[in-house]
Amino acid sequence: MEIDPFIFRLSIFILSIFVGYYVVWSVTPSLHTPLMSVTNAISSVIIVGAIIAALSGGKGVIFSSSSIFGFLAIVLAAVNIFGGFLVTQRMLAMYKKKKKD
Amino acid sequence: MMSANLSAILYLISGVLFILALRGLSSPETSRQGNLFGIIGMVIAIFVTFLSVGNFSSGFIYVLIFLVIGGSIGAFIAYRIPMTAMPELVAGFHSLVGLAAVFVAISAFINPKAFGLGTPGDIKLASLIEMSIGAAVGAITFSGSVIAFLKLQGIMSGAPITFKGQHVLNALILISIVVLTFYLCSTQSSNLFWILIAVSFLIGFLIIIPIGGADMPVVISMLNSYSGWAAAGIGFTLENTALIITGALVGSSGAILSYIMCKGMNRSFFNVILGGFGATEQSSANQSKEQKPVKSGNAEDAAFLMKNASSVIIVPGYGMAVAQAQHALREMVDTLKKNDIKVSYAIHPVAGRMPGHMNVLLAEANVPYDEVFELEDINNDFANADVAYVIGANDVTNPVAKTDPQSPIYGMPILDVEKCKSVLFVKRSLSPGYAGIDNDLFYRENTLMLFADAKKMTEDITKNL
């Protein structure tokens, strides 16, 4: 009997939850704000779906009802990707150790 | 066109890079490298998608144009946003992820062929369930985050909005979402799909309005978690590993942060979510608020106490963020250090409006992160410190949490500020904190109240040092 590919995806999902659990507990509390902004940025990988949706129009059709939602989603996700990573970068650059003097 | 296997492997790599991005945050030294991994992961995911769709027609140019438009807006915001506005920014960004998830789900529902999910009206059952979950959670994330944003921005009052039958209504709506999903799957009706999304928007709104401003750390973390689950739902629909991994990571990250925040307040998650905290407690707290003697002083008194101290602990809170006092504070500390006074900072887990809020503000003011300590690492030091300077914090220092079982904040871990030889408490007035609880600390022998704006007072102290 063959295993439904869904089960494989489910396995990846469950294992990733565990990975996330252990990785996030090891994040130092002083970096919890950057953690939120970077998780924000990476969750915008949903742009993958937005791109597929935007290019769904087929030959010669750029703006169909489904692709318009895709284009809108691209804008939203792009705001998040650039905004999220850059603001994280900006925050992390501020964390400095005591200068030895 | 890229082969499906190759693209799947590349998506997996991008998922692993995202894990490394979070892993980097275990210490400030590795964090910048972690962020870079995250960016590389994102670039890989986007390129692989371009190649695997393989449609480089004129539509592709529009994809790039919209990508650039969104990217420029995002970059502009990222550079311009003041650090004190981080909670609003994060809430705003969550709403975008949520809305993007809804849009992708809608698009997949209208045109399932493009996603390989069947034909309109005959979408694969599993995909339909996954996309309904993605759309519903995404919609909840969106409207919830918008409310959180408005409350944090001060456009909407931070006070909890409650009404009779609220919980019953919410429960009914949640049940209706499950029922709608069930019927949607059996009938494939597009009307039901739209209703499902509308109802989800509504519940996101209703869930957040009863939650007060100071509970925002929990709300933001929770919405962070939701945005992850929404992404995972869409990831299952698209059969995309990168999205599934990321969704799981973000979902569990937000859940852990909510847990940490709830523990910091000694409240259960449901207690926070059901909301209305403070509104019911106010009356009982006010009764005991007789005219008790309070010692108040000015900047000169405070400077005198600090000058004669050998160690000072700073306790910042949300008030510091509001007054934008972090730079003034660091200047004061610099002056103290020049006089060979040992200074450290004590951060309560729920200080501020989001997890780690105070740490970012102090980092912005160039405070080295190894002078900043978490509650459990510094709480024993208060007994040996000469002066505690409480700037903008209130409930997290209230000794009532340890002594009065009747108090609504009883059992909440607090900073043992009262054990210091003297406590300097900067506050505008004697008004209680958000929980409506009078702070016992105000009336202690060793407390000197400094009634002023946090920034102004800190600057005045520096002048007098």
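Student: What does B:Lys337 count as at 32% relative accessibility?
Tutor: Buried means under 20% relative accessible area and exposed means over 50%, with partly exposed in between, for a 1.4 Å probe and protein chains only. B:Lys337 has a relative accessibility of 32%, so this residue counts as partly exposed.

Student: This is a predicted model; what pLDDT do its local features need?
Tutor: Residues are numbered from 1 along each chain as its sequence is written, while chains are lettered from A and ligands numbered from 1 in the order in which they are written. Side-chain values use heavy atoms, with hydrogens and water left out, and in this predicted model totals for chains, interfaces and linings use all residues, side-chain atom pairs count only at pLDDT 80 or more, and local features need pLDDT of at least 70.

Student: With which residue does B:Lys337 form a salt bridge?
Tutor: A salt bridge is a side-chain nitrogen of Lys or Arg within 4 Å of a carboxyl oxygen of Asp or Glu. For B:Lys337, the closest N and O atoms of the pair are 2.9 Å apart, and the partner is B:Glu371.

Student: How many residues apart are B:Glu371 and B:Lys337?
Tutor: Helices (H or I, at least four residues) and strands (E, at least two) are DSSP runs, numbered from the N terminus. The salt bridge of B:Lys337 and B:Glu371 links distant parts of the chain, with B:Lys337 in helix 14 of chain B and B:Glu371 in the loop between helix 15 (357-364) and strand 5 of chain B. B:Glu371 is buried, at a relative accessible area of 5%. The separation of B:Glu371 and B:Lys337 is 34 residues.

Student: Which residues are linked in a network of salt bridges?
Tutor: B:Lys402 and B:Asp416 form one salt bridge, with their closest N and O atoms 2.6 Å apart. Because B:Lys402 lies in helix 17 of chain B and B:Asp416 in the loop between helix 17 and strand 7 of chain B, this pair ties together parts 14 residues apart in sequence. B:Asp416 also meets B:Lys419 in a salt bridge (3.5 Å, N to O). The network links B:Lys402, B:Asp416, B:Glu418 and B:Lys419.

Student: What is the order of the strands in the open sheet of chain B?
Tutor: Two strands pair if DSSP finds at least two bridges between them. The open sheet has six strands with parallel pairing, and its edge strands, strand 5 (372-374) and strand 8 (447-451) of chain B, each pair on one side only. The order is 5-4-3-6-7-8.

Student: To which residue's backbone nitrogen does the side chain of B:Asn398 reach?
Tutor: B:Asn398 is found in the loop between strand 6 (387-391) and helix 17 (400-403) of chain B, and is buried, with a relative accessible area of 0%. Contact means heavy atoms within 4.5 Å, and residues that B:Asn398 touches include B:Ile409 and B:Ile437. At 3.2 Å, its side chain reaches the backbone nitrogen of B:Asp440.

Student: Which residue of chain B meets A:Arg9 in a salt bridge?
Tutor: Between chain A and chain B the count is one salt bridge. The side chain of A:Arg9 meets, at 3.4 Å from N to O, that of B:Glu239.

Terms used
A polar contact is a pair of N or O atoms within 3.5 Å; within protein, one must be able to donate a hydrogen and the other to accept it, and residues adjacent in sequence count only if both atoms are side-chain atoms. Lists of a residue's contacts leave out its neighbours within four places in sequence.
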